[in-house]
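Colleague: Hi! I'm new to this one, could you walk me through it?
Modeller: Happy to, let's bring it up.

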Amino acid sequence: MAELSALEQEVGQLIIDALNLEEISVADIDPEAALFRDGLGLDSIDALELALAISRQYGFQLRSDDQSNAEIFASLRALSVHVAQHRAA
Amino acid sequence: MKSELLPLLRHHDSDAPFIWRQGQAISRARFLAQARQLAARLPEAGAAINLCEDRYHFLLAFVALALRGQVNLLPPDRAPHTLAMLAEAHPGSYALVDAPLAGMAFVQLTVSPDTLPSISDAPSAPLIPADQTVATVFTSGSTGHSQPNHKSWAELYQGAMLNLAALGLHEADGTLLATVPAQHMYGLELSVLLPLLSGLAVEAGRPFFPADLQHALSILPEPRWLISTPLHLRSCLRAEMVWPPLAGIVSATAPLDPDLATQLEQWFGCPLHEIYGSSETGAIATRRTAEGQAWQLHAGLVLQADGDAAWRVSGGHLAAPVRLNDRLAQTPDGCFRLLGRERDLIKIAGKRASLADLNRQLLAVPGVVDGSFVPPEEAEPSRLQAVVVAPGMTARAVLDALQLRIDAAFLPRPLHLVEKLPRNPTGKLHREVLCGFIASLK
């Protein structure tokens, strides 16, 4: 499995904490696997919960019109890139 | 007796905006001309699956199908299994889509307004027979065993009139923004039928994140109404953003906590009305939740006791009495209170499922020998759990197979793989035993 960057570790832990995924640890998340459907099997309730956690921790609101949800949540890696690009300085 | 005719859309002011899309208005006249052209291009069939998520596309497909006398099949979810079963049950049917879905066996036609040139003449509003079946909606959000509900135009039309009256919107000419899919009864009634049959215009998009809603509302003309669900409204409140002025909020799919309703009214500075209904009945009652828990039945509807603790509703837009799935108590002033759902029904994120159906789907997964969802304590749990016997399979593999069959909201989290279920000698699984069994796994 690919190495996780520091931000990927952090976003991965945020996902686990925000969504109460007690059974897994950050090390279990494949950074390239889909977060929704195939990978962690997350859905729209989780997407809203995650959007809130991200806005609190990184100071920006997720929008699905600049980029589709599918792209933002494509994987832990994609989500981390999105956070890196949009987080408040 | 010759069937009565009813208008398919209100057409008093044909130049008035009917649909808004990112700040651009589409007038009623232009919409109708495009719907007529789309109707002329549709193949011969009895019914078509209207899968459009964009409300402009959905409305074009909805009206075009009605003009051709074809039924709008509105699937409860987009699981490939659900769509395949729906197509199979309607031989010769096809689907109308925003963009083709991969891996589907049925014919898909893309609804694209750009290919439907706008004709300048303003033909009169079309009339269709009141008894024509215009749409089929489905009860359960979970499985292929959901029950179809056939909706005549008379029922939908009269239901829309009752909704407009109950919400005080019959003379309104504002705008609607909806977070709910048009394929569900609530979304169909509030975001499709209301604009068709009133002076209200609707935004084409289906915003998802709070920031999407905020942006979409900010570019809609006032007065604006938000059509949403407790799930989305709660997330809007928690996002602590500044909202453009709203004229009103409508919520349905699950009862809203009164404290939350009060907070929403304060934060958005507008009244919040809840709607009570079901796929079988459509909307039948409203309440201003911040002011009281009792529901006011729509005008002309009547509740009647139906045996032990069950109720039927009749009158109004309903052609025949319908049995309700909720337990309720009538109040002396003709209102009612909800007492809770029947045991087998559960709701997650506004989607309804039957535990028996979910268990049938689980047991139908190849490799699953035995298994059961755990009946939740609450009628509206946040997630379900399941225990499954599937030798040689991982939990992931069972979930992958299951998500082809049921809506993602009902996927068990967690799914416990076990060697044997704690069935009693007659093969029954008691909830208490099952819960104790799960506790012992941890």
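**Where the chains meet**

Modeller: This is a predicted model. Across the interface of chain B and chain A, the rule finds four residue pairs in polar contact, both residues at pLDDT 80 or more.

Colleague: Which elements give two or more residues to the side of chain B that touches chain A?

Modeller: Those are α6 (210-218), α7 (230-238) and α10 (395-402) of chain B.

Colleague: And how many salt bridges are there across the interface of chain B and chain A?

Modeller: The rule finds four. One of them pairs Asp46(A) with Arg383(B), with the closest N and O atoms 3.1 Å apart.

Colleague: How much area do chain B and chain A bury between them?

Modeller: About 2,000 Å², with 53% of it on carbon and sulfur atoms. On chain B's side, Phe209(B), Arg238(B) and Arg413(B) supply 31% of the area buried against chain A, more than any other three residues.

Colleague: Switching topic, what is the strand order in the open sheet of chain B?

Modeller: The six strands run β7-β6-β4-β5-β9-β10, and the pairing is mixed. At the edges sit β7 (108-110) and β10 (148-152) of chain B, each pairing on one side only.

Colleague: How do β4 and β6 of chain B run, parallel or antiparallel?

Modeller: They run parallel, joined by three bridges. Within β6(B), Leu96(B) is the residue opposite Asn50(B).

Colleague: Last one: how is chain B divided into domains?

Modeller: Domain 1 covers 5-341 and domain 2 covers 345-441. Their C-alpha centres lie 32 Å apart.

Technical notes
Residues numbered from 1 in each chain as written. Chains lettered and ligands numbered in written order. Predicted model: local features only at pLDDT ≥ 70, side-chain atom pairs only at ≥ 80, totals over all residues. Heavy atoms only, no water. Pairing = 2+ DSSP bridges. Helix = DSSP H or I, 4+ residues; strand = E, 2+ residues; numbered from the N terminus. Domains from an automatic or database assignment. Buried area = accessible area lost by both parts, 1.4 Å probe. Salt bridge = Lys/Arg side-chain N within 4 Å of Asp/Glu carboxyl O. Polar contact = N/O pair within 3.5 Å; in protein donor to acceptor, adjacent residues only side chain to side chain.
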